[in-house]
Amino acid sequence: MKLDAIYFFSALSPEQLERIATISLNKTLQPGEFLFFEGDQPKYLHMLLEGVVKVYKSLPDGNEIVIHNFTAPTMVAEMPCLEHIRYPATAVCETVCQVMLIDYARFEKEFLADPAISFNIIRSLTKKIKNLDAAFTAQTTLSASQRVARFIQEHPETFLQLKNKKIAEILNITPETLSRILKKLKDAGALGSGGGKTARIDGRKLAAFC
């Protein structure tokens with residue numbers, strides 16, 4: 001994915017994009033690998049280029065509270081960097097993830113004085129607020145079938161990578177409900193089965209369920 005195709009970098013000049021690349025690392029992380037742990041001091045801005053990252057808090061009894069599942073492309077947990085505070089939660093990869101790690105100390109010194117950069121950080125934060133609002137609206141106005149169909153339509157590669165249990169968690173439905181909906185979509189020809197996991201998606205038929 002080209003950097004200028006990501007909203008955060010869209011207003012930057014070629015020279016600025018090149019400079020961003022020189023203060024960044026690109027990493028491929030496997031499912032179960034961590035971006036950071038609760039209590040860590042931030043060193044990088046984390047730009048998720050591909051994949052899904054779960055952010056959660058650990059409870060004393062060993063359980064966890066899922067705060068959010070981030071789907072690429074997006075910035076993950078930029079607020080602790082901006083506020084110079086420790087991470088209040090842990091981030092772990094749910095799928096194979098491509099992550100760009102931007103050295104925050106150098107980024108802050110060289111780029112935050114640029115109005116375009118500052119504006120895009122604000123956009124990143126407001127986008128998260130809009131996403132939370134959209135998720136709440138979906139929960140209250142869309143049926144479970146509509147939520148599943150939209151998720152598949154908007155994130156087809158992620159849908160194919162994730163286990164059904166994780167998809168159900170993201171959509172706030174039970175795994176049993178998800179299984180029934182997937183069967184309905186397959187029966188309607190919107191999904192095709194391939195070796196136990198759906199491998200073909202018919203966008204036109206799927207849109208009828210959105």
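**A walk from sheet to helices**

Start by selecting V52: its bridge partner is T71 in β5. This is a predicted model, where local features need pLDDT of at least 70, side-chain atom pairs count only at pLDDT 80 or more, and totals for chains, interfaces and linings use all residues. Residues are numbered from 1 along each chain as its sequence is written, and side-chain values use heavy atoms, leaving out hydrogens and water.

Next, colour residues 52-58, strand β4, which runs antiparallel to β5 and is joined to it by 7 bridges. Strands here are DSSP runs (E, at least two residues), as helices are (H or I, at least four), numbered from the N terminus.

Now bring up the whole open sheet: 4 strands in the order β2-β7-β4-β5, with antiparallel pairing (strands pair if DSSP finds at least two bridges between them). β2 (34-36) and β5 (64-71) are the edges; each has a single partner strand, so one side of each lacks a neighbour in the sheet. On average, neighbouring strands are turned by 25° against each other, direction ignored.

Axes are lines fitted to C-alpha atoms, for helices over the stretch in contact, and angles run from 0 to 180 degrees between N-to-C directions.

Finally, select α7 (residues 164-171) with α8 (residues 175-187): they pack at about 105°, axes 9 Å apart. That makes α7 roughly perpendicular to α8 (65 to 115 degrees). Show N164, I167 and A168 of α7 and P175, L178 and L182 of α8, which make the contact (heavy atoms within 4.5 Å).

Definitions and conventions: Angles under 35 degrees count as roughly parallel, over 145 as roughly antiparallel, 65 to 115 as roughly perpendicular and the rest as oblique.
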